Amino acid sequence: MKEIVVRFLIGGLAVSFFSVLGDICKPKSFAGLFGAAPSVALATLGIAIFKEGTQFAAIEARSMIAGSIAFFVYTSAVSWILMHRAVSSVWVTTTCLLLWIAVAFGICGSGDLCELKLI
Amino acid sequence: MRFWLGGLITAATGIIAKKYGPSVGGLFLAFPAIFPAGATLIEKHERERGQKAGPDGTEAARKAAAVDAAGAAMGSVGLLLFALVISRLLPEYEPWMLILGGALSWTAASVSLWLIQEYQWRPSNISDQRSATRRPPFS
């Protein structure tokens with residue numbers, strides 16, 4: 001329980017830090033960079049190295065490659081849809097999370113990048 | 001709100017990694033948990049600002065969110081580099097050096113990409129005019 005609270009606090013602080021940076025930067029496309037800042041990764045990997053060791057963290061970072069590619073596909077799709085279709089950003093950004101899941105797990109499941117052990 | 005979302009996804013990532021292993025947990029290090037809230041806020045603020053200035057700021061607001069998403073797409077290339085640096089070099093080098101190196105790699109890649117697209121798409125007759133309606137990258 002203590003570890004979860006520590007993770008929560010560190011993660012919350014890291015995300016808030018990058019969010020504030022994004023808020024103060026202009027123009028919007030530059031501020032958008034901070035939407036993909038490695039805030040959760042910095043917090044999680046730091047704790048993982050400390051608690052579980054470097055091998056565990058290295059495996060997490062390897063899977064993160066698939067997650068990053070999925071993030072790129074997700075944000076590109078969101079940007080294109082918002083630019084070309086008259087839909088609200090709430091609908092697009094939440095629906096496209098399914099795209100992130102499909103791409104991330106698709107890359108992970110189809111290659112040697114990560115070993116999925118869901119069951 | 002972002003503090004809560006960030007805290008929740010970081011805690012959830014730890015729980016997922018413990019339950020399903022680091023391979024599945026690692027995927028969620030690049031999960032866009034905060035992004036929908038941020039994009040929605042930008043759209044809301046731009047719509048309110050647009051409605052003050054004119055009859056309908058909806059389209060400009062949506063385009064502002066699209067530009068923000070395009071920026072995040074460039075940042076995700078930096079995120080990929082961050083993951084590559086950490087995963088390739090972690091067992092061999094000091095962790096603090098790699099985390100610092102990864103963060104610097106993210107900054108360098110993201111900012112470089114942004115600068116490239118900025119020079120690529122900036123209209124030649126407008127020196128420093130930037131707006132949400134300007135053509136964004138990846139569109």
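**Exercise 1. State what share of chain A counts as buried, and describe its fold elements.**

Of the 119 residues in chain A, 51% count as buried (under 20% relative accessible area; exposed is over 50%, partly exposed in between, with a 1.4 Å probe and protein chains only). The model is predicted: local features need pLDDT of at least 70 and side-chain atom pairs pLDDT 80 or more, while totals for chains, interfaces and linings use all residues. Residues are numbered from 1 along each chain as its sequence is written, chains are lettered from A in the order in which they are written, and side-chain values use heavy atoms, without hydrogens and water.

Next, the elements. Chain A has 6 helices and 0 strands (DSSP runs numbered from the N terminus: helices are H or I of at least four residues, strands E of at least two).

**Exercise 2. Describe the contact between chain A and chain B.**

Step 1, residues. Chain A gives 79 residues to the contact and chain B gives 73 residues (heavy atoms within 4.5 Å).

Step 2, area. The two chains bury about 6,500 Å² between them, 77% of it on carbon and sulfur atoms (accessible area, 1.4 Å probe, that two parts lose on being put together, summed over both). Phe8(A), Lys28(A) and Met83(A) supply 11% of the area that chain A buries against chain B, more than any other three residues.

Step 3, salt bridges. The rule finds 3 salt bridges across this interface (a side-chain nitrogen of Lys or Arg within 4 Å of a carboxyl oxygen of Asp or Glu).

**Exercise 3. Locate salt bridges inside chain B.**

Step 1. Lys44(B) and Glu48(B) meet at 3.5 Å, N to O. Both lie in helix H3 (residues 35-53) of chain B, 4 residues apart, about one turn of the helix. Lys44(B) is partly exposed at 41% relative accessibility, and Glu48(B) is partly exposed at 39%.

Step 2. Lys63(B) and Glu59(B) meet at 3.3 Å, N to O. Both lie in helix H4 (residues 58-89) of chain B, 4 residues apart. Glu59(B) is partly exposed at 45%.
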